[in-house]
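Reader: I am new to this structure. Please take me through one part of it closely.

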Amino acid sequence: IIQSPKKSIIPQKFQQQRETTTKGGGGGGGGKKILCETGIFRIKEVEELCKKSRNLSALQSGQIQKLWRSSSSRRMDDTKVKRVAIVLPFTGDTKFEFRRRVAKQILMAKCNNTHNIKDEETVVLIPEFAFYGNRKAVGQTNHILSNVSEYILMHLIGLREACGLIEWARDTYGDGVSIAIGGSSMGGYIATGAGILASRAFHRDDDTNTKKKSSNRANKKLGVVSVCSWHNFEKSFAPNSYLYLRLDREKVLIKDSYVENMISEILISSESEGSTSSSLPIGRSIFQNLNWKAVLNRAMQLLVGIDCLMKAGGGAQNFENKLDTMVNHFSKRDRLITSDYDEIEAIKSRCTSFTKPRGVVFTYDPGDHLSNVLNPKAAIVPAFLEAFKRMESS
């Protein structure tokens, strides 16, 4: 996840142009057309991992949609793009329809006079998430996964692909471009992790995942948008929350012994500080007599929690003040993600340390989780617009 090997993203030209939608009037769009192209994206590490398994072969690559506003049907000029929004899904957002609504509202939004964005200067990218849409494992019927292995793998693939898309956008679009990656709920968590990880080498010319080099990365900006999301799996989820994993019995289901042993070793090492033993006693399971939700939260935190990613990246000091902006929105009546004061303060402290001075924004509303996640106008669209405003004024 945290490595950035050369040529790890393999961009493919967008095709199936031109699906168009004409919107009139409102939001400053002035009747402009929203154009859409569909392409395929591949990350080398993900492709190599998934092609080794018959069950995961469909996850090797995913569709991606690119939307922009234009008054004509000609192909856009990538060098003129000033804003790129990468919109990730919330849990259950398996297709493109909802995020296309988000994209259209971002594209049709009226910009202020100081930062007036013209046609073809904003692009929205909507990637297909692992285990969603057409990227399903063998036997998978919907987004509800039946084992911990696939749930963990979904997050690992999501983080790696999001990092790759950030790097590809940085190297593809024009000088001075502002890139914002974001989402609600699960999408906000993936965006936060990927944004922080990608920020470490975002402006470095010696580290790129594409063949195409950018002439001036110093003028490019990177921001994160997070709505009703979390940083800590163990502390953030309310005790009665639905954890997106449906099990037939109240015990953890592991698809193969390798993954079970890997998770067991991590859990044991965390409980036995300073212990050098990494193997389970014969006949014992770390999951025996444990609540499956507690085990899942612990495993997720130790495998893909933000603190774990920072540690694997050499420590939080390597990421301090690297992001240009972070916009975080919380709901005061959120019953899925805890509103515990100490946890919220920990998130605020972490975001502040990873972001440049005056780049971090925290907003609140009296609503609940779903009212914000399912309504683009409530939080996610304003948050993206605020992120662009912050980056362009810094």
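Which residue of strand 9 does G223 stand opposite?

Author: G223 stands opposite T325 in strand 9. First, the ground rules. This is a predicted model, where local features need pLDDT of at least 70, side-chain atom pairs count only at pLDDT 80 or more, and totals for chains, interfaces and linings use all residues. Residues are numbered from 1 along each chain as its sequence is written, and side-chain values use heavy atoms, with hydrogens and water left out.

Now the strand itself. Strand 8 covers residues 221-227. Strands here are DSSP runs (E, at least two residues), and helices are runs of H or I with at least four residues; both are numbered from the N terminus. Seven of the seven residues in strand 8 are buried. Buried means under 20% relative accessible area, exposed means over 50%, and partly exposed lies in between (1.4 Å probe, protein chains only).

In a regular strand, side chains alternate between the two faces of the sheet. Both faces of strand 8 are covered. K221, G223, V225 and V227 are buried on one side. L222, V224 and S226 are buried on the other.

Next, the neighbours. Two strands pair if DSSP finds at least two bridges between them. Strand 9 (residues 325-331) runs parallel to strand 8, and five bridges join them. Strand 7 (residues 178-184) also pairs with strand 8 in the parallel sense, over seven bridges. There, I181 stands opposite V224.

I181 deserves a stop. Leaving aside residues up to four places away in sequence, I181 touches G223, V224 and V225, among others. Its partners also include I86, L88, A162, I166 and F384. Contact means heavy atoms within 4.5 Å.

I181 also belongs to the largest nonpolar core, which has 69 residues. Such a core is a set of buried Ala, Val, Leu, Ile, Met, Phe, Trp, Tyr and Cys residues joined through side-chain atoms within 4.5 Å. I181 is among the residues with the most contacts inside this core, along with V84, I86, F131 and Y173. Helix 3 (residues 148-172) gives the most to this core, with 13 residues.

Finally, the wider setting. The protein has eleven helices and ten strands. Of its 394 residues, 54% count as buried. Among contacts between residues at least 6 apart in sequence, 81% join residues at least 24 apart.
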